[in-house]
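Please keep the viewer open as you read.

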Amino acid sequence: MSEKISILFIGDVVGDPGINSCKEMLPQLREKYKPDFIIINGENSAGGKGLTKTEAEIFFGLGADVLTTGNHVWDNWGGKPLLSSNNNVLRPLNYPPGNVGRGYTFVEKNGKKLAVLQLQGRTFMNSIDCPFRAADSALKSISEQTKNVFVDFHADATAEKMAMGWHLDGRVSALCGTHTHIQTADANILPNGTAYITDVGMTGPYDSVVGMDKEIAYKRFRFQVAHKYKLAEKDSKICGVNVIIDNETGQAEKIEPFILPKFIKSIYEQLEV
């Protein structure tokens, strides 16, 4: 029987509430899933916008092997030195040449090797380079070193994420979507062995609108003008997935989403009529 690789992926960490949820619940998740590798998307961890050395050190101290990001990593220029200096802090590969940082890396432990690749979608987002072509190019190099490939696809449109899943099915071990902060109910193994979920969800305050203060979000939608961003604070949870892959074939065998603490009542039951 071939060895298995357990990967724990934590979805978009938002501000101090999200960081505190990681501190409180990562030990419990590590005990349950016994991960060989931990990946955390930290693009919103610096006060809701960006990732800096301060937050990165916390995540690495909690056992993270790789930190992924997304479009908001550029909102806080304190992250640029981090992207320049740490190969295990990624930004989407398909930003144009000339930007600091890298889009994929390799991590190795106990004879198990994993490539982590970060891509970003373009629909409803910045018009950057093509993520599909960037993935194809990167996999030519990555496949020379390992079949075990985890992809964080940071994208807005559900259809774009699904298209990428089908495009990479059988060529990567897992493709997990981030950015929209709402965990989707479509975790599955695609026909050729790639674990897929459209979005792993948000780690942060759920008494909010995707992490933002509810009143501020309401004003933005109602009045259609900018209101100063304010991070929410209450009811923080940790979201993510555990993926099990075969170390020999690189194919996924299981993907299990989680949200902790669990909702006592559904979102719909909590709404005031």
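This is a predicted model: local features need pLDDT of at least 70, side-chain atom pairs count only at pLDDT 80 or more; totals for chains, interfaces and linings use all residues.

Setting aside neighbours within four places in sequence, Leu29 is in contact with Leu8, Ile10, Lys34, Pro35, Ile238, Phe258 and Leu260.

What does Leu29 belong to? It is part of the largest nonpolar core, which has 27 residues. Within this core, Leu29 joins Ile10, Ile40 and Phe59 as the residues that touch the most other members. If you colour the model by secondary structure, you can trace the elements that supply two or more residues each: strand 1 (4–10), helix 1 (15–33), strand 2 (37–41), helix 2 (53–61), helix 3 (80–85) and strand 12 (252–260). Helix 1 is the top contributor, giving six residues to the core. Apart from this core lies another one, made of 21 residues, including Ile7, Phe9, Ile39 and Phe150.

Stay with helix 1 for a moment, as Ser21 is found there too. Is Ser21 buried or exposed? Its relative accessible area is 2%, and the cut-off for burial is under 20%, so Ser21 counts as buried. Looking beyond residues up to four places away in sequence, Ser21 touches Leu26, Thr203, Ser236, Lys237 and Ile238.

Now turn to the outside. On the surface, Ile182, Val209, Val210 and Phe221 form a nonpolar patch, and together they have about 380 Å² of accessible area. To find Ile182, look in the loop between strand 7 (174–178) and strand 8 (188–189).

Finally, zoom out to the overall fold. The protein has seven helices and 12 strands. Its radius of gyration is 18 Å, close to the 19 Å that the globule rule gives for 273 residues, so the protein is as compact as a globular protein of that length. Along the principal axes, the C-alpha trace spans about 55 × 45 × 35 Å. Of the 273 residues, 54% count as buried. Contacts across the sequence complete the picture: among those with a separation of 6 or more, 65% link residues 24 or more positions apart.

Key
Residues are numbered from 1 along each chain as its sequence is written. Side-chain values use heavy atoms; hydrogens and water are left out. A nonpolar core is a set of buried Ala, Val, Leu, Ile, Met, Phe, Trp, Tyr and Cys residues joined through side-chain atoms within 4.5 Å. Buried means under 20% relative accessible area, exposed over 50%, partly exposed in between (1.4 Å probe, protein chains only). Helices (H or I, at least four residues) and strands (E, at least two) are DSSP runs, numbered from the N terminus. Contact means heavy atoms within 4.5 Å. Patches are made of residues with over 30% relative accessible area and no salt bridge: like charges are joined within 9 Å, nonpolar side chains (Val, Leu, Ile, Met, Phe, Trp, Tyr) within 5 Å. Accessible areas come from the Shrake-Rupley method with a 1.4 Å probe; for residues, only the protein chains shown count as cover. A salt bridge is a side-chain nitrogen of Lys or Arg within 4 Å of a carboxyl oxygen of Asp or Glu. The radius of gyration is taken over C-alpha atoms; the globule rule is 2.2 Å times the number of residues to the power 0.38.
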